[in-house]
Amino acid sequence: MEDDDNSIAIMGETVEAVRQRIPIDELLFLPDNPRVYAAIREMSDFCDLTQEERQVRIYERMLEEQSVKNLIPEIKRDNGLQEPIIVRWDTRQVIEGNSRLAAFRKLRDEFPEEEPWAEINCLVVSKLTEEQQTRLLGQAHLHGKTDWSPYAKALYCFRWVEELGKDISELVRVSGITRAEIGKSVKVIKLMQENCDDTLSNFSYYDVLVRSKKIAAAIDDSRQLRDIVLSAIKDKNRNFTGQEMRQRLPIIIDKPRILRKFAQGHVTLEEAYDRAKISGLQKKLKNVRDGLDDIERADTINLEQNELRAAEQFIRKIGREVKRVSTMIEQELTSRSEAK
C-alpha cells in the first residue's frame, strides 16, 4: 500500500522513491552491504549455497551482531520502525537497513500472530546504478550513522580495491572517504590475511599496527619483530588489548636492547613494557642490587658443582655489565665536568 511520494538525493541527482509497507519475506539482505559482507566472508561454504540458503545464513549470522540484539527491544517498544529501510525493488534487496530487517524478522519469528511484524516500512526505489548504490551506502553509514563497525568499513574499502579491482579515485568520489584512509583500511585487511586471521575481534590490533607510525616503521624494519607481534595477536591466551599494545609497544621500541629481547621472543609484551617503562637509571640499578641482596649463603650450599660453575659465569657477566654501565656514567660525568 503506497503512503506518499518521496525522493532521495544522490550525487546531485534526484531518485524517485515511494513509501510502502512490504511483507518481510519478500525482501533480501544485501550481501555487498559491508555489515553483511563482514559476517558472511567467514563462511567458507557460502558460495556453494542457494540464494535461499544464503539468506538464511545471513539472517542467522546477523542475529549474532550486538547492534541487532540492541535493536530488537527498541523496535518492539516502538511497535515498528521510526525510520524506513531503503529497498531497491528490481533486486528486492535492502540497500540500507539490513540490521533492522534482521531485527524485524526475529520479532516476526517470536510473535508470528502479531500483525506489526508481518510487514515493514520501506522507502522503495525502482532501481539504482552501482555508483548510486555505493554512494547511498556511504552517505548512510560512513558519515553520520555509526552502525558499521571499523572492520566493516575497512572491508568496504578492501573489497572495492582488491576484490573488485575498482579505481580508488572513484571510491573517493562516491564515498567521500579520503585516499589515505582507503589505503590504511586496505593495508589492515591485507595484514589480517597475511596472518591468516579473519577474527573480527582481532581487527583493532591490526589497525594499531597500521595506524601507529612508530609501530608500523618498526615492524617494517624487522621481520622478526613483525612475526612476534603477529603471533602474539593470534594467541588466544594473550593478556593485552589493542589499546594497550598501542600504548606499550612504542615505549618498548624506544629501548633497543629490550626491543631485541621482545623480537627474539625472550620476553612477553608485558615483561618488555615493564622493563622499558623504567626511566630512571637508579631504579634499574636498585632492582639489580635488590636481586643480589636476596642471595644468601644457604642458597649455595646444596648446589651441584655444575650449578655453582653456572652461577659463577652469571657473576662474571654481571660484573661485565656493571663495568659497562659504570663506564657510561663516568663518561657522562666527565663530559658534563668539561662543559662547565
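A charge is counted as sitting over a ring if NZ of Lys or CZ of Arg is within 6 Å of the ring centre and within 35 degrees of the ring normal. By that criterion, Arg92 lies over the face of Trp89, at 3.8 Å from the ring centre, and Lys317 lies over the face of Phe314, at 5.8 Å from the ring centre. The model is predicted, with local features requiring pLDDT of at least 70 and side-chain atom pairs pLDDT 80 or more, while totals for chains, interfaces and linings use all residues. Residues are numbered from 1 along each chain as its sequence is written, and side-chain values use heavy atoms, leaving out hydrogens and water.

**Aromatic pairs**

- Searching the whole structure gives three aromatic pairs, where rings of Phe, Tyr and Trp (its six-membered ring) pair if their centres lie within 6.5 Å, with planes under 30 degrees apart counted as stacked, over 60 as edge-to-face and the rest as tilted.
- The rings of Phe104 and Trp117 are edge-to-face, because their planes stand at 75 degrees, with the centres 5.2 Å apart.
- This pair links distant parts of the chain, 13 residues apart, with Phe104 in helix H4 (residues 98-110) and Trp117 in the loop between H4 and strand S6 (119-125); helices (H or I, at least four residues) and strands (E, at least two) are DSSP runs, numbered from the N terminus.
- Phe104 and Trp117 are both buried, meaning under 20% relative accessible area with a 1.4 Å probe and protein chains only.

**Helix H2**

- The buried residues of H2 are Gln55, Ile58, Tyr59, Arg61 and Met62.
- They lie on the same side of H2, because they cover an arc of only 165 degrees around the axis, taken from the directions from the helix axis to the C-beta atoms.

Definitions and conventions. Buried < 20%, exposed > 50% of the residue type's maximum accessible area, 1.4 Å probe, protein only.
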